[in-house]
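Thanks for asking me to look over this model. Here is my note, written as numbered points.

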Amino acid sequence: MGHLLLATSSGGGAGILIIVYIALYIIFALGVYGSYQKAAPQGEPAWAAFVPIYNFIVLLRVAGRPASWAWFLLLVFVPFVGSLALLVVAIIVLHDVSKSFGHGGGFTVGLVLLSVIFWYILWLGKSAYLGPKGPAGLAANAGGAYGAQYYPPQPGYPAQQPGYPPPGQAPAPPPPPPAYPPPSPPPGQGPPPAPPGQMPPLQ
């Protein structure tokens, strides 16, 4: 009878732990989901935040890192050294995420140490997604490849001024200088003689 009660209580404790883990996972993923919504113009699915492994692939695209970096997740199976290497990869990716939302190294520290809080700051704060700032994203955006369709006008920033060329197009050449009249003769000196058959200019 005692063994039966012990098995029942241990099974109930495991069930509670699973429920707590799922609740914490949803709370964390909700902040990532809201941040992915700000990257919606790039076509990233926000619901991917709730899907393990796939959420990391989408995170790489949002940050501007190649999707092949998802293979680094296998480092978790390498004892100790693999976990340290995966932590370094995560810091690099989170720093790219921070830059992609217009923040710097200080915000990266927050994403690493207080991930849940700072993901919610990205979601609920005034941070705007500026496009992937990692090497892959910058290479794709070289020469204004994304342009105004990729970067919609953000609130608080002035609209593009008239006369500027569209992204990726060279500006128009400057207009020719205006034609100035010939200089006047020095004081005391008459005008130059008129060509034959023409009247001299009036003083």
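1. First, the ground rules. This is a predicted model, where local features need pLDDT of at least 70, side-chain atom pairs count only at pLDDT 80 or more, and totals for chains, interfaces and linings use all residues. Residues are numbered from 1 along each chain as its sequence is written, and side-chain values use heavy atoms, with hydrogens and water left out.

2. Let's start with α2 and α3. Helices here are DSSP runs (H or I, at least four residues), numbered from the N terminus. The axes of α2 (residues 54–63) and α3 (residues 81–100) come within 8 Å and cross at roughly 50 degrees; axes are lines fitted to C-alpha atoms over the stretch in contact, with angles from 0 to 180 degrees between N-to-C directions. That angle makes α2 oblique to α3 (under 35 degrees is roughly parallel, over 145 roughly antiparallel, 65 to 115 roughly perpendicular, and the rest oblique). The crossing is left-handed, meaning that the near helix is turned anticlockwise from the far one by less than a right angle, whereas clockwise would be right-handed.

3. Which residues in α2 and α3 meet? From α2 they are Leu59, Leu60, Val62 and Ala63, and from α3 Val93, Asp96, Val97 and Ser100, with contact meaning heavy atoms within 4.5 Å. By class, this contact of α2 with α3 has 6 nonpolar, 1 polar and 1 charged residues. For the classes, Ala, Val, Leu, Ile, Met, Phe, Trp, Tyr, Cys and Pro count as nonpolar, Asp, Glu, Lys and Arg as charged, and the others, Gly among them, as polar.

4. Leaving aside neighbours within four places in sequence, Ser100 touches Val62 and Ala63, plus Ala128, Tyr129, Leu130, Gly131, Pro132 and Lys133.

5. Next, α3 against α4. Their axes come within 9 Å and cross at roughly 130 degrees, so α3 and α4 are oblique to each other. This crossing is right-handed. Ile91, Leu94, His95, Val97 and Ser98 in α3 meet Gly105, Phe107, Thr108, Leu111 and Val112 in α4. That contact of α3 with α4 divides into 6 nonpolar, 4 polar and no charged residues.

6. Phe107, Thr108, Gly110 and Leu111 are buried; seen down the axis of α4, they fall within an arc of 160 degrees, so they line one face of the helix (the arc is that of the directions from the helix axis to the C-beta atoms). The buried residues of α4 pack against α3 and α5, while the face turned away carries the exposed Gly106 and Leu113. Val109, also in α4, counts as partly exposed at 46% relative accessibility.

7. Last, α4 with α5. The axes of α4 (residues 105–113) and α5 come within 5 Å and cross at roughly 125 degrees. Phe107, Gly110, Leu111, Val112 and Leu113 in α4 meet Ser115, Phe118, Trp119, Ile121 and Leu122 in α5. The residues of this contact of α4 with α5 are 8 nonpolar, 2 polar and no charged. Within α5 (residues 115–124), Phe118, Trp119 and Leu122 are buried, and they cover an arc of only 105 degrees around the axis, which puts them on the same side of α5.

Definitions and conventions
Buried < 20%, exposed > 50% of the residue type's maximum accessible area, 1.4 Å probe, protein only. Helix = DSSP H or I, 4+ residues; strand = E, 2+ residues; numbered from the N terminus.
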